[in-house]
Amino acid sequence: MKKQSNLSRLLEIAGNHKYLTYASWGLSAISALIALVPFYCIWKMIKEVLDVAPDFGQAQNLTSNGWMAVLFAIIALVVYIAGLMCSHLGAFRIATNLRIQTMEHIVKLPLGFAESFGSGKLRKIVNESSAATETYLAHQLPDRANAIATPCGLLVLLFVFDWRLGLLSLVPVVLGFLIMMAMTGKQMQEKMKEYQNALDDMSNEAVEYVRGIPVVKTFGQTIFSFKKFKDSIDRYKVWVIAYTKQLRTPMMFYTAAINGVFATLIAGGLLFAQDGVTSGFLLDLIFYIIITPVISVTLTRIMFQSENAMIVDDALQRIDSILHLKPLAETKHPKHPQNASVELKSVHYSYDGEKDVLKDISLTIPAGQTVAFVGPSGGGKTTLANLISRFFDPQSGMVKIGGVNVKDIPKEELMNTVSFVFQNSRLIKASILENVRMGKPEATREEVLAALHHAQCDDILEKLPQGADTVIGTKGVYLSGGEQQRIAIARVMLKNAPIIILDEATAFADPDNESRVQAAFTKLSEGKTVIMIAHRLSTITNVDQIFVICDGQVAECGNSRELLAKDGIFSRMWKNYQTSVQWKVTKEVQ
């Protein structure tokens, strides 16, 4: 099957707006041909001056030809602007539809997709890759039509007056075109892909660096603490310098060739005029010297169009890297959970398809119980929680909620069954009321305010002049990490899902906020199945069951008394934790 071209694909996305794109090409080509008429008027003016010399007073048509040149130049400009208006309307529609298509597909992908893909890289693809198509369609394609029409008209003009000078003026053009082809071939496509990869890496690492600034400031570190970010900048610098040096020589010859038409014509004029100069030959030579710079401009346009075509090709490939990802399979025979129990049977999962992050995990959490996942960092605790929420599907094994495989539960119902409180919850740039209402869009104002009250948010609302209607973020107020966490808990309370997963939800809270968050958790957990992921072991001493996850396996399980009675991983973690909380900063007395 023949691969669809990028242009036909973009025009297909445009819908009826593609006719505006076609119109822009036609108008741009017409503008290019009209723009050549002033050169003919100039030729007539020069001819009249040479014919009447030295009695210049007999030149009767100079003014009329001059005004005709101005008139056609204005007409060409107006037609070109009309073409650009058409191309921009079509390009904006295509870019918008492409963003919508990409975002609609992202919504269907597993919730863990953004985390594994990289939020900075994802944002750059959605915004900048679609913007690259807008630039290409709005400017480059009309310019291509202009650049094609211009040489066609020039060829007629070049050979009408003196075919020898016409051929001579095309020699530097051919040379420049060959150099340009060498610069914009397959090697250039690979280089463009490398360039975009370097930008993606730098953008992704920049986002992660900005998110980690609080840690950097806390520990007095510099940018060099984030080695991956610095390395991405260094790689970009090395690549750009090497690529610039590689293109320096061919670009120098290309520039010399396309701007050397004038010198070629002078040399040819001297050669052809050895037997004497006629007024007709002088007229043609002057005309060619005036008109040939248009060729240089046209070639430069073609070169940049080739480069932008590669950028668009790379942009569409990056968008396709998202569009080609398959959403999690939806069952054709939906089933409904019978209760809020959770069960995992022989679950295996790996991110790269090579090394298992989870290995043969089997566990059962009865409905209404509060359990905790603890263990060394990187052991697989968060991955396990992600599988329960169906952020991903396991490579093998089964995850059940209420006795039903999560794959057989409709997506919306699963989202209403499980709520997730992250250690760094996100709030949107909207009022506190609207942020909480995201958990239940149909909720009344009274229900939202009740959820805020139960989430211990009364002190937050009291200090804000507009209370729950206060806007968060840009052009609004900023809340501390602990305050944001309580707002996020209010959202989960309003949602009222029967299963709650708390992933290090008090990790960044100060002592005052932590006590309020814990009180909110107590209210939130009433009658729910709660799964806690915690490093602060003091917060899980009263849970019904603790699962110690180590190296992707359940190493130990039981309540805190049973696990402390053993000489195992949990008892050692508890001793280390008790030692760490007793540490004090002391100052030596001199």
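This is a predicted model: local features need pLDDT of at least 70, side-chain atom pairs count only at pLDDT 80 or more; totals for chains, interfaces and linings use all residues.
The relative accessible area of S31 is 5%. Because the limit for a buried residue is under 20%, S31 counts as buried.

Leaving aside residues up to four places away in sequence, S31 touches A76, V79, Y80 and N146.

At least two residues each are supplied by α2, α3 (37–52), α4 (62–108), α6 (119–161) and α13 (293–323).

## Paired strands

Strand β4 (residues 396–401) takes part in two pairings described here. With strand β1 (residues 342–349), β4 pairs in the antiparallel sense over five bridges. Within this pairing, L344 has V399 of β4 as its bridge partner.

The pairing of β4 with strand β5 (residues 404–405) is also antiparallel, and it extends over two bridges. Here the bridge partner of I401 is V404 in β5. The strands β4 and β5 form a hairpin with two residues between them, and in this hairpin G402 takes a positive phi near 60°.

## Salt bridges

The model contains nine salt bridges. In one of them, R9 is joined to D320, with the closest N and O atoms 2.6 Å apart. R9 belongs to helix α1 (residues 6–14) and D320 to helix α13, so this pair ties together parts of the chain that are 311 residues apart in sequence. Both R9 and D320 are buried. Helix α13, which holds D320, is also among the helices that supply the lining of the second largest pocket.

A salt bridge also forms between the side chains of K463 and E483, at 2.5 Å from N to O. This pair links distant parts of the chain, with K463 in helix α18 (residues 458–463) and E483 in helix α19 (residues 481–495), 20 residues apart. E483 has a relative accessibility of 10% and therefore counts as buried. A further salt bridge brings together the side chains of E526 and K523, at 3.7 Å from N to O. K523 has a relative accessibility of 34%, so this residue counts as partly exposed.

## Helix α14

Helix α14 covers residues 381–388, and seven of its eight residues are buried. Helix α14 is therefore largely enclosed by the rest of the structure. The buried residues of α14 are K381, T383, L384, A385, N386, L387 and I388. After α14 comes R390, which has a positive phi near 60°.

Methods: Residues are numbered from 1 along each chain as its sequence is written. Side-chain values use heavy atoms; hydrogens and water are left out. Buried means under 20% relative accessible area, exposed over 50%, partly exposed in between (1.4 Å probe, protein chains only). Contact means heavy atoms within 4.5 Å. Helices (H or I, at least four residues) and strands (E, at least two) are DSSP runs, numbered from the N terminus. Two strands pair if DSSP finds at least two bridges between them. A salt bridge is a side-chain nitrogen of Lys or Arg within 4 Å of a carboxyl oxygen of Asp or Glu.
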